[in-house]
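Please read the numbered points with the sequence and the model open.

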Amino acid sequence: MIKKIIAGFLLGFFILLFWLQNDPWFKRMLENKLQPLISNALAAEVHFKIHTINLLSPRIVLTDLVIRSKNNAWSITSDVTSHRFAWWHLLSYGIPQLLIDLAKIHITTRLENGKPAIINHISYLLEGPIISFPRYLKEITGKNGSFVIDDTLLQFECPFYAQVKQMNNLFKAHVYLQNGSINHLGNRYLSDLQGHIQFDIKPGTNMEIFLTSACTFYLPQLKGPNKTCFLTGQWKNDQGQLSIKSADDTICIEPVCLSNLDGNFIIAAQAQCELAYLYKLYFDKEPEQTLGGNCTVKILANLADRKKGLHGHAVIKNVTYCNRYICSCARISFSKNDNLYKGGIYFASKRPIELKGMWQWHEQQKKGLISLYNNNTIELPASRYWQVSEQDLALEIAFDENSNISGTFQAGATNIRLDSYLELKGSINGSNSTMHVDGNVADYVFDTQLQPWPLRILQFVCQDPQQETGIIITADQKDNDQFSGSINLNFIKKIIKQLSHQTIEATGECLLTGKIKNEQLYCCLQIEDSSIRLPHLYNIINQAKVILQFDSIKKKLFIQKAFCKMHRGTISCSQALCCFDSFWYPEFLFMPICFDRCFLSLEKTFFSIASANVLLKKQNSQWLCKGTIFLERTQLKENIFSLQMPTFLPKIQSDNSSVFNTDLLIETKEPIRIKTPVVQAQASLQLHLQGPIKQPEIDGSILLHNGSINFPYQPLYLSRGSLEFIPEQGYDPLIELIAKNNIKKHAVSLYLTGSIAHPHLLLEATPALTEEQIIGLLLVGSHEQSLNMAMPALVMQNIQNFIFRSAQSPFRLDHYFNSMFQPFKHIHLVPSFSDQTGRGGLRGTIEFTIGERWRALIQKNFSLSEDTKLEVEYLLSDDMSVRAFRNERRDVGAEFEMRWKF
């Protein structure tokens, strides 16, 4: 009977359970009881519907589960949720072991203080008053889940599969990630996130957490085909460490040290990556030009309370742009205290240029400041003598969140050659759309209006101290890429004189038009009805036109066409290319130049009409001037036999690292007219100059003809003359010269051989005379023995200096004396200091020459008044003469003289 009662009770109990699990009222009643209970346990809003209940095999299935925070910061939804446990465990241990299965779970959260809001809530649950509740959990499984961070700036989405188990009061969690991605402001920065994360959590007052992770992901901003990165890390209790590396080592973030100290979440990280990646990361596009360089960033921050500090620095090294070196090192340090960010700035380039300074940014006021100064002496581009001394350059800029800037700049430059100093002062004002830069340098005032990005000059005006406009450049109102302007040449003359103390006479103006296309400058410079006289040249530029293309990024200047019309002659260049280095010195140059009948003057001693085809070239620090020069209608006022003749040639200055070589062929189309007080002649030359410009090797010859050597009494006429240049001897050519003339019944010949530095002089006369007598005949027209007795040493030692001296006599003074003594040009005074007749006394002779045939003389004894000699001679030919005379004894006679040569 008892068995029947027990069996009936059990049967009724099971029938009751079966009826309750399918009763709608029981389900609603259970929903109403469980929802508040779970909401209080989770400290969140919980809503669900009970789909099925199985009391025999304890299981409850919920649908449309929603767990939401009270401030809507996070939510968890699941389509189907299954809760189950075993009766035997409940009857044996007194507590159930819940196994929860979540299907299609979706977790959405916002960011709070830099962390997902749901993380803060989970930490609260594990450390809060419901510590005993997790003891009922045996296992939680989430399938086909997704985790989403949906914030205004950052979006993160990652599908996952998760499993959480409780083993001996220890929660073990495994999360498997699949195809996660991160977007920022609509741009994707990470994709294809895969891997696993393992948690070991021991809840309690001192909660212990151990976490390990191993993931891979894809960074679209990395260059190259392999854009896969690896993430590994671990966390234990209050500290952890992460490591992120790309497959090709272009980006490396390690170590990332994390720690939790008294509720402060501290992160210390070091990252290394390529500068091109940062550019693409920030602008979400590839750099327009090749960008090179490496960046290292170190930070120390408190993520829990950002007001407690942020410290670190960033170092950028070996920055290149368009394969051009920009800087060797740039360093920016930063720190934060409350609302103020501040730090230091350091910049070093290869020139070298070193800039130092500081910056600051007030987060609440949204205002910042940058201050810089030069830490070393800076040589100005394209100048060897102008330099900015240490701390002579200062820049201070204030800015705000709307990109409005204002500031001042100051710089001082010293010319170490001229010992002069220039100071530049000005101000900067504007925004990201328009900027104004105005200032003054050496009392010259300039005002510039700029478009910052892309950089364009909207207007540039420069005035001299008298407020006269010298330069004005204006952009087109419809198209900022096009511009036009004018430059006053007289204004440029003043600037050049003040900067270099060089004087260039110039009047008129230069018109310019151009445009900027693909960040390259296309410009046309044109000079009309102007006058420009270059130093030391007596030719004037009247017209000029240059069409050029300039690439400031690649530092290339391409001249498409250049033409210059001078007062006499033209200069043209069809095409030319010049590449500059980081100092803006020419690194490569190829410039063919054509000179057509140009007037050329050098140091007032050389005048010529010259034509030439010349190639000016520079490569590998080697300058080369190569071509052919033709001279016509040339006049030289320098003694061609002088050793000082090469000194008037222009010297080309070059920097110490460059060598200027020549390869020039110089020929005369018409003979050169040489006109000096010593030599008057015509010359034809053919010379080849090769080697360094300061001392080139000269090969060739100069032939002299139709000329004379002007001695004081009578000249010697050139019958043959030549200068032979040998490369090994430089400016000491071999000389061969023959000059002859008939002077007073004597055929005088001069033979000159050897070299200019070591000449050999030979004098001959027919009838025969000694060299002293010949020299006396050339100097004063007398070969008497008395002249040799008076000054033999003076005459013999200076005859070579007379021929080889430089033309140092002033031409105006020669012209003055020649005009004064023009009536006496046929009168010569011949002194005689001894008496060969025995009558004694001091004698003097006055000689008259009339034409080439007649000669008369009067010889007077100043001691005896009656002792006077008269003589008249007529040359019938070179070998015959008739002479009539009255001697000192007053005897009158005549002579007929005839000479024979054997």
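1. Basis of the note. This is a predicted model, in which local features need pLDDT of at least 70 and side-chain atom pairs count only at pLDDT 80 or more, while totals for chains, interfaces and linings use all residues. Residues are numbered from 1 along each chain as its sequence is written, and side-chain values use heavy atoms, with hydrogens and water left out.

2. Overall make-up. The chain has ten helices and 56 strands; these are DSSP runs numbered from the N terminus, with helices being H or I of at least four residues and strands being E of at least two. Of its 902 residues, 38% count as buried. Buried means under 20% relative accessible area, exposed means over 50%, and partly exposed is in between (1.4 Å probe, protein chains only).

3. Surface and contacts. The accessible surface of the chain is about 51,500 Å², and carbon and sulfur atoms account for 56% of this surface. Accessible areas come from the Shrake-Rupley method with a 1.4 Å probe, and for residues only the protein chains shown count as cover. Among contacts between residues at least 6 apart in sequence, 40% join residues at least 24 apart; contact means heavy atoms within 4.5 Å.

4. Helix H7. Which residues are buried in helix H7 (residues 771-780)? They are Gln773, Ile774, Ile775, Gly776, Leu777 and Leu778. Just after H7, Gly781 takes a positive phi of about 80°.

5. Asp551. This residue is in strand E36 (residues 540-551). Asp551 counts as buried because its relative accessible area is 9%. Leaving aside neighbours within four places in sequence, Asp551 is in contact with Glu519, Gln520 and Lys556.

6. Phe558. Strand E37 (residues 556-566) contains Phe558, which is partly exposed at 27% relative accessibility. Not counting residues up to four places away in sequence, Phe558 touches Ile547, Leu548, Gln549, Gln575, Ala576 and Leu577. Phe558 and Tyr522 are 36 residues apart in sequence, and their C-alpha atoms are 9.5 Å apart in space.

7. Salt bridges, Arg68 and Glu45. The structure holds ten salt bridges, each being a side-chain nitrogen of Lys or Arg within 4 Å of a carboxyl oxygen of Asp or Glu. One of them joins the side chains of Arg68 and Glu45, at 3.7 Å from N to O. This pair links distant parts of the chain, with Arg68 in strand E2 (residues 59-68) and Glu45 in strand E1 (residues 45-54), 23 residues apart. Arg68 is partly exposed at 28% relative accessibility, and Glu45 is partly exposed at 33%.

8. Salt bridge, Lys494 and Asp464. The closest N and O atoms of this salt bridge are 3.4 Å apart. The pair links distant parts of the chain: Lys494 is in helix H6 (residues 489-500), and Asp464 is in the loop between strand E29 (456-463) and strand E30 (469-475), 30 residues apart.

9. Salt bridge, Arg597 and Glu632. Here the closest N and O atoms are 2.8 Å apart. Arg597 lies in strand E40 (residues 586-602) and Glu632 in strand E42 (residues 622-636), so the pair ties together parts that are 35 residues apart in sequence. Arg597 is partly exposed, with a relative accessible area of 32%, while Glu632 counts as buried at 7%.

10. Surface patches. Patches are made of residues with over 30% relative accessible area and no salt bridge; like charges are joined within 9 Å, and nonpolar side chains (Val, Leu, Ile, Met, Phe, Trp, Tyr) within 5 Å.

11. Glu697 lies in strand E46 (residues 697-709) and is partly exposed at 46% relative accessibility.

12. The nonpolar patch. Val882, Phe896 and Met898 form a nonpolar surface patch, with about 260 Å² of accessible area together. Val882 is found in strand E55 (residues 880-886) and is partly exposed, with a relative accessible area of 35%.
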